[in-house]
Amino acid sequence: MAALLPECLARWRDEGVTDKVVWLLDHEYSEGGLSFRTLKNTDAAVAQVLGEAADRADCELHAAVLRIKEFGSPAYEPPSHGWGWDGGWDDYGEEDGSDTEMDEVHDRWEALDGWAARDGSHPPFGEIRLSPHELLPRGGLDDAEPDDRRLEGSTGNEGPTLEFVYRLAALVVWPSEKTVDIVAEGSIDHAVSWVETQCAPEVGAAGGGNGRTSGLLARLTELWPVGEDAWRPQNRGAMLRLLRETGEAEVAAGFLHRVVMAQYDGNENEALAAALPLIGPGEAAAFLPLFVDEHLPRRFGDVIELPALSAAECLGGGDADGGADPALASPWRKVLRVAATAALSGSDAAFQTESERRLGEPGEDDGPPLRIRQVAPGSTRGARDWWIGPADVCGLLLLAHRLGLDDEAAAAAGAIADHPDIVTPDRMLPAALELMDQHGAPADTQAHGTLWRQAADFLLDRSSTVPVEPADWTIAAAADIACDCDLCARLRAFCADPVKREERFKVRKDLRRHVHQVIDRHRLDLDHVTARSGSPYTLVCTKNRASQARRLEEYAEDLRRMSSLLTSIPEGERRGGGMGRPKMLEEALVIGGKRPG
């Protein structure tokens with residue numbers, strides 16, 4: 001029989017009836033102790049014969065832990081003392097279900113993990129699902145006892161549920177050529193990790209890898225989930241780094257167009273910029289402008305960060321021509337100028353789209369919600385929780401100046417100034433200008449002057465004098481309460497009273513909640529507590545100075561931002577003389593008790 005096994009495996013491999021064969025082992029092994037070296041008796045003999053046959057049939061053989069979970073309804077006999085709905089599942093059997101049997105299986109989950117190779121290594125295959133018809137020998141699970149039984153009692157209209165968990169050891173065979181497909185079906189990230197182990201001897205070698213490396217990476221690109229299949233986690237940055245390390249330029253270009261173009265979310269920016277030198281300026285010129293047009297409206301900050309990162313990779317430090325080697329840098333300068341121009345010229349439309357999105361209700365076409373970017377350990381970049389931030393404004397204008405795109409930068413600055421709801425003139429603009437000053441950006445460009453003046457004018461209009469203390473206890477914001485119920489009428493009258501400081505609403509719970517919600521929605525300067533005496537309880541509302549406290553905090557921060565503006569005064573403002581904006585900023589700081597500079 002053993003002599004026929006290689007031929008049987010080869011026939012099975014060629015027919016492709018199943019992706020793999022999973023052979024259950026007879027003995028139990030701990031999860032950490034499963035290896036070919038620790039196999040016992042018949043298991044070791046089977047592994048020896050199967051391994052020799054797999055080698056001859058060009059197949060892979062691994063050991064793995066087979067995990068099976070069954071979910072269903074428990075079988076039970078009503079206890080002799082009776083069991084009613086007012087009882088509980090604890091009235092019958094153990095809470096862990098140790099003596100409970102399964103009546104009917106409603107769902108079943110089977111997967112392999114805990115992989116061990118014949119050479120003693122542990123391949124990073126991750127969790128791989130299997131189908132029942134891949135399991136041998138037939139009926140091998142008929143007498144298997146669960147390792148764990150978990151019982152949950154009735155909840156609401158749902159009856160009690162029982163979960164069986166099995167852990168068994170198995171040998172797994174599949175065709176060698178299908179390894180990347182099988183692993184990718186479980187997780188594309190684990191497939192990348194495995195391919196990296198196969199490419200390890202060639203990583204760092206100049207001129208790319210061999211044919212097998214190219215084939216594996218190309219197959220990964222083909223298998224990469226996009227569109228409706230992209231819901232599973234995927235680390236595109238890891239793939240880009242691997243492509244760069246192996247020097248696979250052609251595969252990298254295909255990955256950019258098929259995967260990154262479709263799935264981009266900004267997390268891959270550093271790896272993407274580092275991969276551009278691999279594909280060369282010609283391929284980059286075909287990719288970057290399309291990429292910017294596709295993703296700028298929804299991920300403005302992420303997209304405009306990419307050309308800046310790419311400039312550092314492709315041009316290096318120094319001047320706009322790339323420093324030491326202008327002959328090599330010049331093609332990249334042209335590519336980056338096109339990409340940066342697309343980002344700058346698309347700014348106005350992107351801001352308009354974002355403004356409309358914020359004003360309206362989110363719809364299906366509005367893209368994903370803002371999210372915190374998870375930053376890789378050791379990265380110098382911070383987590384992003386905004387559509388655009390100060391560093392993005394700074395980076396875009398610095399890159400534009402470096403590439404000689406001052407006119408385009410001026411137009412982009414005008415778009416920024418036209419959308420103060422997105423790039424706030426009181427906080428984001430001063431922060432961006434401060435960053436530009438730290439990076440040595442010139443203060444004589446039109447873009448810099450436009451943004452500086454907008455920030456200065458806004459701050460001076462709001463905080464050129466110290467906020468005045470309220471003259472009485474009127475709460476003007478209550479006039480915006482639209483509800484016309486009697487309680488809200490009382491609330492408006494109370495807030496309009498310049499002297500009265502407390503109002504008591506002795507009403508039932510739902511009405512107290514209504515008043516509470518109105519106060520919170522309109523951010524009224526009222527403390528509200530429930531006095532829990534009598535029936536119904538009483539909602540006690542007391543006026544406070546919360547708005548004034550917030551305004552004083554805002555004023556103090558405004559003064560700090562004014563001071564930062566004085567470190568980057570545009571050349572035109574310096575030459576103005578008289579009572580220009582710099583002088584007004586200085587006087588506002590003096591009034592606020594701050595020393596200019």
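**Reading the fold**

Mentor: Of the 597 residues of the chain, 43% count as buried, where buried means under 20% relative accessible area, exposed over 50% and partly exposed in between, with a 1.4 Å probe and protein chains only. This is a predicted model, in which local features need pLDDT of at least 70 and side-chain atom pairs count only at pLDDT 80 or more, while totals for chains, interfaces and linings use all residues. Residues are numbered from 1 along each chain as its sequence is written, and side-chain values use heavy atoms, with hydrogens and water left out.

Trainee: How many helices and strands are there in the chain?

Mentor: The chain has 20 helices and 10 strands; these are DSSP runs (helices H or I, at least four residues; strands E, at least two), numbered from the N terminus. Residues 24 or more positions apart account for 73% of the contacts with a separation of 6 or more, a contact being heavy atoms within 4.5 Å.

Trainee: Which residues in H4 and H5 meet?

Mentor: Among them are Ile 188, Trp 194 and Val 195 in H4, and Leu 216, Leu 217 and Leu 220 in H5. By class, this contact has 10 nonpolar, 2 polar and 1 charged residues. In this scheme Ala, Val, Leu, Ile, Met, Phe, Trp, Tyr, Cys and Pro count as nonpolar, Asp, Glu, Lys and Arg as charged, and the others, Gly among them, as polar.

Trainee: At what angle do helix H6 and helix H8 pack?

Mentor: H6 (residues 236-246) and H8 (residues 269-295) pack at about 25°, with their axes 9 Å apart, and are therefore roughly parallel to each other. The contact includes Leu 240 and Leu 243 in H6, and Ala 271 and Leu 278 in H8. Its residues divide into 7 nonpolar, 1 polar and 2 charged.

Trainee: Which residues in helix H14 are buried?

Mentor: In H14 (residues 428-438), Met 428, Leu 429, Pro 430, Ala 431, Ala 432, Leu 433 and Met 436 are buried. Their cover includes helix H12 (390-402), helix H13 (406-417), helix H15 (446-463) and helix H18 (546-565). Gly 440, with a positive phi near 75°, follows H14.

Trainee: How is strand pairing read?

Mentor: Two strands pair if DSSP finds at least two bridges between them. Strand E1 (residues 21-24) is joined by 4 bridges to strand E7 (residues 161-175), and the two run antiparallel. Trp 23 stands opposite Leu 171 in E7. E1 also runs parallel to strand E5 (residues 135-136), with 2 bridges, and Val 22 stands opposite Leu 135 in E5.

Trainee: Where is the place of His 522?

Mentor: His 522 is in the loop between helix H17 (509-521) and strand E9 (526-531). His 522 is partly exposed, because its relative accessible area is 23%. Leaving aside neighbours within four places in sequence, His 522 is in contact with Ala 477, Asp 480 and Ile 481.

Methods:
Axes are lines fitted to C-alpha atoms, for helices over the stretch in contact, and angles run from 0 to 180 degrees between N-to-C directions. Angles under 35 degrees count as roughly parallel, over 145 as roughly antiparallel, 65 to 115 as roughly perpendicular and the rest as oblique.
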